[in-house]
Amino acid sequence: MHDTAISLIELGAVFFGLGLLGRLAWRIGISPIPLYLIGGLAFGAGGLIPLHGIEEFATLAAEIGVILLLLLLGLEYSASELVTGMRRSWVAGLVDVVLNALPGAAVALLLGWGPVGAIVMAGVTYISSSGIIAKVLGDLGRLGNRETPVVLSILVFEDLAMAVYLPILTALLAGATLVGGLTAVGISLIVITVVLIVALKFGRYVSMMVDSPEPEVFLLRVLGAALLVAGIASQLQVSAAVGAFLLGIAISGSTAENATKLLEPLRDLFAAMFFVVFGLNTNPTTIPPVLGYAVALAFVTTLTKVATGWFAARQQGIGRMGRARAGAALVARGEFSIVIAGLAVTANAVDEQLAALATAYVLLMAVLGPVAARVVEPVARGMQRKLRPRTA
Amino acid sequence: MNVEVTPLPGLGTRQDFVSRGGRRIGVITYRDGRMEMIVSKQDDTDSCVASIPLTVEEGATLAALLGAPQLVTQLEDQHKDFAGITTRQLPLAPASPYDGRTLGDTALRTRTAVSVVAVVRNGTVHPSPRPDFRLVAGDLLITVGTAEGLSKAVEVLETG
């Protein structure tokens with residue numbers, strides 16, 4: 001009994017502490033993710049306060065956090081939105097992949113982490129944080145802006161890219177050869193196509209299986225289905241996260257909306273736990289050696305995301321200021337970069353320092369992203385003013 | 001009028017049009033039914049000077065306020081065959097002595113020969129109000145009469 005009491009106190013302290021950190025984060029206008037990571041760094045191995053007795057729960061909670069993050073990412077866009085989004089923004093989407101995956105891959109190769117490490121870091125620097133971006137756009141009152149649909153359709157494309165990327169990553173992390181990797185690419189492309197077709201044509205039936213007018217029954221069914229699919233996927237050597245993500249895409253319409261509403265608080269809870277556990281498993285002393293690389297990556301990938309947004313917005317005939325805003329909005333990286341790094345770390349297939357680099361990188365980008373979105377207008381105006389006399 | 005409908009993936013839809021002055025005006029409808037009115041900036045029409053959340057009731061009120069002149073135009077169209085008859089909308093000022101009193105108390109019909117054909121309140125049109133219709137400051141009285149009668153009616157509503 002005594003052990004349970006201690007565990008409860010520790011867990012309560014962790015959640016309460018995270019609550020305080022989250023409040024502080026929104027107060028100063030940044031995402032709470034970096035503060036959760038710092039919280040984890042402070043608690044874990046080599047940190048200030050070691051935690052005992054709740055590791056097992058925390059690990060499982062973190063795993064559920066990843067599943068919920070990916071499930072809600074899948075729920076966010078309907079299958080038809082994904083398809084039209086891909087049609088409309090595939091050029092900008094490809095520019096996004098090339099510009100933002102390459103810097104990560106290059107740094108990983110430079111550090112001698114091999115092709116697997118390069119693929120992991122490519123994902124970490126590529127994927128924007130749709131959570132942070134949606135929140136920032138809403139806070140800044142930019143949802144009515146003409147460049148906002150451009151930003152959103154890039155996020156939709158990244159969403160689809162994840163569906164292809166995650167199975168490949170899982171196969172590579174499990175030690176697949178080049179042929180095995182290519183097979184994984186083929187299989188994942190087929191699976192995502194099948195899931196999209198099922199969601200478009202038979203989404204009603206998938207939704208019907210989990211839907212219920214009682215919120216309680218509905219919550220249990222959706223959560224149960226997600227954990228079941230994730231568990232089975234994990235058993236089949238496909239990552240649990242991918243299973244949950246594909247389930248999210250398959251559930252559609254009003255069921256998806258209701259599920260999102262019900263699951264959001266749960267996701268926030270478990271995802272917070274996931275960030276803490278990721279921080280826990282990262283030894284803070286491994287960060288300083290890679291800090292220089294993290295800063296360089298942050299600098300380069302800020303510019304590449306701005307370029308992506310600029311390019312995509314220009315294609316849609318949006319003015320210079322709007323292009324700058326679209327670029328700056330996309331800068332934030334967050335939860336999914338950590339999810340990717342987390343998959344790699346759990347598989348023990350990459351250099352130990354990768355966790356440190358990913359942590360430092362996301363710490364920088366999750367803070368930098370909202371700041372960039374905020375300051376872009378005055379900065380762009382200042383630059384315009386400076387440039388005008390020369391061009392005139 | 002060319003209303004552009006743009007899907008906002010994951011959020012809802014944006015519907016807007018460009019006004020004659022070059023401003024984008026429109027509405028964002030979120031998936032959960034919430035609505036926001038948006039107005040673009042003058043110098044940078046890509047961005048918004050304001051996006052104002054409106055409840056269903058507020059949206060309907062705004063729509064009716066903007067639609068009220070159209071009601072007057074319609075009535076004018078109907079009366080244009082009769083020379084000398086004009087339709088006007090007269091607001092009931094907060095300082096009016098008839099705030100809280102009935103339409104019959106104003107005795108508009110007997111004093112100015114003006115008819116009140118409708119009252120617009122909070123976006124709802126009350127057609128053909130009876131003499132016991134209680135007026136409230138902010139009401140818009142849609143009136144029909146001669147030009148002379150109408151200017152007299154303005155005076156009556158202001159000063160009693």
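How many helices and strands does the secondary structure of chain A comprise? In this predicted model, chain A has 15 helices and 0 strands.

**View 1. Overall dimensions of chain A.** The radius of gyration of chain A is 21 Å, close to the 21 Å that the globule rule gives for 392 residues, and chain A is therefore as compact as a globular protein of that length.

**View 2. Burial and contacts within chain A.** Of the 392 residues in chain A, 53% are buried. When contacts in chain A between residues at least 6 apart in sequence are considered, 79% of them join residues at least 24 apart.

**View 3. The open sheet of chain B.** Four strands of chain B form this sheet, arranged in the order β6-β9-β7-β8 with antiparallel pairing. From one strand to the next, the twist averages 25°.

**View 4. Pairing of β7 and β9 in chain B.** Strand β7 (residues 115-121) of chain B pairs with strand β9 (residues 140-145) of chain B in the antiparallel sense, over 5 bridges. The bridge partner of B:Ala118 in β9(B) is B:Ile142.

**View 5. A helix packed on the sheet of chain B.** Helix α4 (residues 147-159) of chain B packs on the sheet, where it touches β6 and β9 of chain B. The direction of helix α4 of chain B makes about 10° with that of β6(B).

Notes. Residues are numbered from 1 along each chain as its sequence is written. Chains are lettered from A and ligands numbered from 1 in the order in which they are written. This is a predicted model: local features need pLDDT of at least 70, side-chain atom pairs count only at pLDDT 80 or more; totals for chains, interfaces and linings use all residues. Helices (H or I, at least four residues) and strands (E, at least two) are DSSP runs, numbered from the N terminus. The radius of gyration is taken over C-alpha atoms; the globule rule is 2.2 Å times the number of residues to the power 0.38. A residue is buried if 20 or more other C-beta atoms lie within 10 Å of its own, exposed if 12 or fewer, and partly exposed in between; C-beta atoms are placed from the backbone. Two residues are in contact if their C-beta atoms, placed from the backbone, lie within 7 Å. Two strands pair if DSSP finds at least two bridges between them. Axes are lines fitted to C-alpha atoms, for helices over the stretch in contact, and angles run from 0 to 180 degrees between N-to-C directions.
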